[in-house]
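Welcome, and thanks for taking a look at this one with me.

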Amino acid sequence: MSRLTVAQALVRFLAVQEVERDGERSRFFAGCFGIFGHGNVAGIGQALHQYRDVLAFHPARNEQAMVHIAAGYARQRNRLGTFACTTSVGPGATNMVTGAAAATINRLPVLLLPGDTFATRTPHPVLQMLEVPHDATVSANDCFRPVSRFYERVERPEQLIPAALEAMRVLTDPAETGAVTLAMPEDVQAEAFEVPDEFLGRRVWTVYRQPPAPAALTRAAELIRGARRPLIVAGGGVVYSEATAALRALVDASGIPVGETMAGRGALVSEHPLSLGAIGATGTSAANRLARDADLVIGVGTRWSDFTTASKSAFQDPGVRFVNVNVAGFDAGKHSGLPVVGDARVVLEQLRDVLAGYRVDRDWEGRARAQAREWADELARVISLDGDPGGPPTQAQIIKEINDAAGKTGILVNAAGSAPGDLHKLWVARDPAGKGYHVEYGYSCMGYEIPGGIGVKLAAPEREVYVLVGDGSYLLMPGELVTAVAERVPIVIVLVDNHGYASIGALSRSIGSSGFGTLYRFADNGSVPVDPASTEVLPIDLAANAESLGARVVRAGSIAELREGLESARGADGPVVVYVEADRYRGVPGYETWWDVPVAEVSEEDSVREAREVYERDHAAQRQYLRSVHD
Ligand SMILES: Cc1ncc(C[n+]2csc(CCOP(=O)(O)OP(=O)(O)O)c2C)c(N)n1
Ligand SMILES: [Mg+2]
């Protein structure tokens, strides 16, 4: 027994948690990010200081961002590691809610330790406290409940022990993982209790590879053998489970083509002749054409988001059925699919065994190969198109340069704006482990890019990390540049300035509202007349902004200068920002797909009425996917 405060016991506990998969063991918490204030400076802050040699502390600049750092790290580590995040009471705590939602939606482990008000209630109401007159047990931290996979408020010292153990179980369970929140009342943090030695000793959490139910595997094989036009949709689960080689082996043996979700992009290298690339609303012509006609869709490690299914319009065969290979029963049950609940790698290996001797219909395979080649030609065309003469380059050209600079081992990080859709289609995936493409598109959270990139680099210091961030995302959360400077994290940030929201501008035009509210322009407040046709941009210098935060900045005025800038960033000892303007309107087209964004049913505007007509026509393609896998 040791007499320790709750915070001291927690820090000692976190420092000795280990995770193991396939016999490989490593530390689960790489350290703790935090911002101190009342509610954590004394309890947890004191403990982190006292035990700084066993659990490294890193100051962050924004609480939301530090959760993104933890999530980026966790994703790069295939969920086998993360950071803890500590905050003060009130605004510091609730600032983490968005980060928690992003982590949970992306199924990434992060441990959140928001400070909380007094368990004794004696000095209440305290600074920054949310008072709920009818319920004294509620605090601002209750906001974490819906966005956490496990939530507990530690109101007595002894409660730390079951809370911490349960937190670890959830964080290391691939089917349950996401944000875990232990709300820590500030008085309890500082309270001492007798802590059993076993609690403070090294503890290993083994991630077992769950095999599928034998009957489910048999039925899956039957469905595949009976299908004429099967298609695999590879999701993030393939990458997290380190199943990319197993996927490739199954594809080589069976000839079944593969489309990829955002999180699964790169699960099969782009040069593979059966790689159709991105699927769904941001998909390629190849994947979307094959999807339209597939009669059996084998989803592996996918949540089936609306971007993947093109809002349930991607799969049009009237008899289409789904096989859902997923470690989480929740996802495996979607689309009336056959739930094959298990680890992606184990299931893919077993499927290859039970399908020995099977080869997909020759015509279907031939079509897939021809479509993949046709897409490669279209890709080459799109990335070679110039912007307006004398104007800035296109985003497609910028992406190609980053892709070339990244090569086989560089990692691309992105999250929101027009880039995710362009990247999903255009990125040439070269890393056989599928770790070169990191686009957070579960929450598509503006501001994720820079902190997410820091997390990735901390997890993979030997690899080059390229963060592509739009001007809108940058303005939402530039502050973590300072963290990258302070921690000497050498990431390359390509800041693409198109003076506003190109993505939402295009979406707004498509629903008849002419880009309303999506350009950075002077407001017409009556004092200075504003010409609505003016193309004048606001006098903001984002490159100077990045410089002022301590980053090295390269201003690239052309594609050639961008290439030089990326080259010059190699080997830097801190973050380098390569600033480049991009053509706002020359976007990458969509390929035979749709996304359900409901348009006003009545309007005085012709443009909206026309858009509504188009919407109703497209909407007719939406399906419910109700066919049973047992008929
Ligand atoms: C936190 C957050 N707020 C709002 C949105 C909605 N949204 C998606 S993209 C976007 C604009 C992004 O602008 P920018 O980073 O400049 O990229 P661009 O669209 O210009 O490529 C907005 C407002 C979001 N995804 N996340
Ligand atoms: Mg922009």
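1. Which residues are buried in α12? They are Ser285, Ala286, Ala287, Asn288, Arg289, Leu290 and Ala291. Here buried means under 20% relative accessible area, exposed means over 50%, and partly exposed lies in between, with a 1.4 Å probe and protein chains only. Helices (H or I, at least four residues) and strands (E, at least two) are DSSP runs, numbered from the N terminus.

2. Before going further, a word on the source: this is a predicted model, where local features need pLDDT of at least 70 and side-chain atom pairs count only at pLDDT 80 or more, while totals for chains, interfaces and linings use all residues. Residues are numbered from 1 along each chain as its sequence is written, chains are lettered from A and ligands numbered from 1 in the order in which they are written, and side-chain values use heavy atoms, with hydrogens and water left out.

3. Back to α12: seven of its nine residues are buried, so the helix is largely enclosed by the rest of the structure. The cover over these buried residues includes β12 (230-234), β14 (275-278) and α16.

4. Two packed helices are described by the angle between their axes and the distance between the axes. Helix α12 (residues 285-293) packs against helix α16 (residues 362-384) at an angle of about 155 degrees, and their axes are 8 Å apart. Axes are lines fitted to C-alpha atoms, for helices over the stretch in contact, and angles run from 0 to 180 degrees between N-to-C directions. α12 and α16 are therefore roughly antiparallel to each other (angles under 35 degrees count as roughly parallel, over 145 as roughly antiparallel, 65 to 115 as roughly perpendicular and the rest as oblique).

5. Who makes that contact? On the α12 side you will find Ser285, Ala286, Arg289, Leu290 and Asp293, and on the α16 side Trp364, Arg367, Ala368, Gln371, Ala372, Glu374 and Trp375. Contact means heavy atoms within 4.5 Å. By class, the contact of α12 with α16 has six nonpolar, two polar and four charged residues. In this scheme Ala, Val, Leu, Ile, Met, Phe, Trp, Tyr, Cys and Pro count as nonpolar, Asp, Glu, Lys and Arg as charged, and the others, Gly among them, as polar.

6. Next, have a look at the magnesium ion (ligand 2). Asp471 (OD), Asn498 (OD1) and Gly500 (O) coordinate it at 2.0 to 2.1 Å, and these donors follow the spacing D-x26-N-x1-G along the chain. Distant parts of the chain are linked here: Asp471 sits in helix α20 (residues 471-476) and Gly500 in the loop between β21 (492-497) and α22 (502-510), 29 residues apart. Asp471 is buried at 2% relative accessible area, and Gly500 is buried at 4%. Donors are N, O and S atoms within 2.8 Å of the metal (3.2 Å for Na, K and Ca); water is not among the atoms, so sites may look incomplete.

7. How many disulfides does a search of the whole structure find? It finds zero, a disulfide being a pair of cysteine sulfur atoms within 2.5 Å. For Cys85, the nearest cysteine sulfur is that of Cys32, 6.8 Å away; Cys85 is buried, with a relative accessible area of 0%. The sulfur of Cys445 is 14 Å from the closest cysteine sulfur, in Cys85, too far for a bond, and Cys445 is buried at 7%.

8. A few backbone details are worth checking. Most residues other than glycine have a negative phi, and most peptide bonds are trans. A cis peptide bond, with omega about 0 degrees, joins His124 and Pro125, and Pro125 lies in the loop between β7 (110-116) and β8 (150-153). Ser311 has a positive phi near 50 degrees; this serine is in the loop between α13 (306-309) and β16 (321-326) and is buried at 4%. Ser444 also has a positive phi, about 40 degrees, and belongs to the loop between β19 (437-439) and α19 (449-459), where Ser444 is partly exposed at 26%.

9. Finally, Arg352 is in helix α15 (residues 344-354) and is partly exposed, at 40% relative accessible area. Leaving out residues up to four places away in sequence, Arg352 touches Ala249, Leu250 and Ala253.
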